[in-house]
Amino acid sequence: MHANTVRNPDIRIMETLAGLAGKFERTWCYPSQEKILQLLKRFTGRRLSRRHLNRHLHALVRDGLLRRIRRHVRERSGALRLRSTVYVIAGRWLARVRQLVNAAVRWASSPAKSTPPSPVPGPAQNRTISVDCSLRRHR
């Protein structure tokens with residue numbers, strides 16, 4: 001693995017993008033990299049350089065949590081017009097969120113509330129967590 005490759009991407013970046021997309025009830029968003037850096041600093045306290053942000057975004061794409069669609073266009077003059085990238089929240093991330101929601105619902109509805117259970121089964125529990133909730137807003 002290359003020395004500049006991120007092995008474990010910062011999930012706070014994913015949470016920031018998912019929160020921005022969720023604000024508009026979508027599974028995609030198109031903030032500038034500068035906006036992502038501002039939101040990360042504001043809500044998580046995490047400061048990153050643009051280069052490090054791109055390494056983490058690449059790792060999130062590599063791990064199947066995020067998909068990027070570049071929207072650059074070439075003008076008639078041949079000049080390249082740079083536009084912000086569309087970030088699509090991938091199914092793996094949505095499944096992870098559903099697992100967390102299901103675990104919270106099970107914990108909240110259990111009679112004896114102690115500590116919240118882990119939403120991810122451990123090695124001894126090799127079973128599938130059923131997902132029967134939607135992320136749509138209830139009206």
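The expected span of a helix is 1.5 Å times one less than its number of residues, and helices here are DSSP runs (H or I, at least four residues), as strands are (E, at least two), numbered from the N terminus. In helix α4 (residues 91–109), 19 residues reach 27 Å from the first C-alpha to the last, close to the 27 Å expected. This is a predicted model, in which local features need pLDDT of at least 70 and side-chain atom pairs count only at pLDDT 80 or more, while totals for chains, interfaces and linings use all residues. Residues are numbered from 1 along each chain as its sequence is written, and side-chain values use heavy atoms, with hydrogens and water left out.

Within α4, Trp93, Leu94, Asn102 and Ala103 are buried, meaning under 20% relative accessible area with a 1.4 Å probe, protein chains only. The cover over the buried residues of α4 includes α1 and β5 (86–89), where contact means heavy atoms within 4.5 Å.

Helix α1 (residues 11–23) also packs against helix α3 (residues 50–62), at an angle of about 80° and with the axes 10 Å apart; α1 and α3 are therefore roughly perpendicular to each other, a term for angles of 65 to 115 degrees. Axes are lines fitted to C-alpha atoms over the stretch in contact, and angles run from 0 to 180 degrees between N-to-C directions. Ile13, Met14 and Leu17 of α1 meet Leu53, His56, Leu57 and Leu60 of α3.

Leu17 also touches, among others, Cys29, Pro31 and Ile36, not counting residues up to four places away in sequence.

Technical notes:
Parallel < 35°, antiparallel > 145°, perpendicular 65-115°, else oblique. Buried < 20%, exposed > 50% of the residue type's maximum accessible area, 1.4 Å probe, protein only.
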